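Biologist: I'm new to this one, could you walk me through it?
Modeller: Gladly, here it is.

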2 protein chains.
Amino acid sequence: MPRDGEDARRRLQQAALELFRERGYDATTTAEIAARAGVTERTFFRHFPDKREVLFDGEERFRAALADGVAAAPGALEPMEALLWAFGAVGPILEANRLFTEPRQTVVADTPALQERVRTKTAGLIDALAEALRRRGVEGGPAALAAQVGMAAFGRAAGAWFADPSMCLEDHLRAAFEELRNLTSAVGRADPKRRRER
Amino acid sequence: MPRDGEDARRRLQQAALELFRERGYDATTTAEIAARAGVTERTFFRHFPDKREVLFDGEERFRAALADGVAAAPGALEPMEALLWAFGAVGPILEANRLFTEPRQTVVADTPALQERVRTKTAGLIDALAEALRRRGVEGGPAALAAQVGMAAFGRAAGAWFADPSMCLEDHLRAAFEELRNLTSAVGRADPKRRRER
């Protein structure tokens, strides 16, 4: 796409985000987004298939980058370590998009239709991570569990990073993975069956 | 609802499941479901708001039972132990519904529209678990992470239980939570930053 195409694309995303925050997602039309960005509605649809997708541009590249990160992690790393490595490797993408993704969180939190889309996208990321782990020789069941759990820790880290930018994303990631380890370490210390007796 | 209402409801669910498996979800109409169950389409809609919901009856009761389980878990239990307790406590509901939920998995796996609904329902269960943990005094961030991770382990256990009914659900649950602990215990053993050097 030529440079002015890329420029229009970015203006459309920015305009959409502004309008969604001002008026709400449902009350905003694609025509209004195009007008705010100074382009025609036809141009909007040349860049995005619908009103929702304008917020989720680049998700496919992000998914590919995550899978590449898992593949590139040193072979000695255990599944969760490989995931932590991969999340660290996509950190620069997240840092670069922060000014867009952070306000997007607010819009998503207010809009059920967008939450549904986010859940579908997240499920796609989890599948890609699980597949990348299987390629490292991890069995299907543990690979799927590790991918889900790793993505949950990643979400926790990203949320904490939005709330507290004084700590870098990598440190938030490490903190989230350690919180995860601490949470799960309690299970099985004692037999829960015995504890259940009242 | 009177006994014959409950009976019609169960027949509608069974008929829907059969037809979805025979013809696929998208190719089945509510009229056909009603006909197979021997009732009118109006009766279908007296029981269920739409074609999807016929598969997810009882989810609200299940969510409430899970939250109650977390609340009833002994106070000394750590968050993940309390979740394991709660999943164990709803085991009898799952056992009772197994003949319905197990074939449902197959239908859901073949139908994107149903996967979306399942994700939304699962998000609701996670929210309920996180809220129940907060009521036990767990902070918001760790509560949300524990709820997500616990639900992932629960899904893993339920899947393994469908695949291998020779082991009881409670044992599958314990195995999944132990797998989770083993997966996460590797993180932080060595500094991933140092390991990342190539």
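Biologist: What rotation superposes chain A on chain B?
Modeller: A rotation of 180° with 0.0 Å of shift along its axis does it, with an RMSD of 0.0 Å, and that is the relation of a two-fold axis. The superposition is by least squares on the C-alpha atoms of residues with pLDDT of at least 70 in both copies, where pLDDT is the predictor's confidence in each residue, from 0 to 100. In chain A, the C-alpha nearest the axis belongs to Val149(A), 2.7 Å from it.

Biologist: Before we go on, what kind of model is this?
Modeller: This is a predicted model, in which local features need pLDDT of at least 70, side-chain atom pairs count only at pLDDT 80 or more, and totals for chains, interfaces and linings use all residues. Residues are numbered from 1 along each chain as its sequence is written, while chains are lettered from A and ligands numbered from 1 in the order in which they are written.

Biologist: Where is confidence lowest in chain A, and where is it highest?
Modeller: The lowest is helix H10 (residues 192–196) of chain A, at a mean of 47, and the highest is helix H2 (residues 30–37) of chain A, at 97; helices here are DSSP runs (H or I, at least four residues) numbered from the N terminus. Over residues 194–198 of chain A the pLDDT is below 50, and beyond near neighbours in sequence this stretch has four contacts in the model, a contact being two residues whose C-beta atoms, placed from the backbone, lie within 7 Å. Where pLDDT is low, the predicted coordinates should not be read in detail.

Biologist: And the chain A as a whole, what is its mean pLDDT?
Modeller: The mean for chain A is 90, with 93% of its residues at 70 or more, and the predictor gives the complex an ipTM of 0.86 and a pTM of 0.87.

Biologist: OK, the interface: how many residues does each chain put in?
Modeller: Chain A gives 36 residues and chain B gives 36 residues. On the side of chain A that touches chain B, H8(A) gives the most, with ten residues. Because 100% of the interface residues of chain A are also interface residues in chain B, the copies meet through the same surface.

Biologist: Changing topic, how is chain A divided into domains?
Modeller: Chain A has domain 1 (3–53) and domain 2 (58–186), with bounds from an automatic or database domain assignment. Their C-alpha centres lie 27 Å apart, and seven residues of domain 1 of chain A are in contact with ten residues of domain 2 of chain A.

Conventions:
Helices (H or I, at least four residues) and strands (E, at least two) are DSSP runs, numbered from the N terminus.
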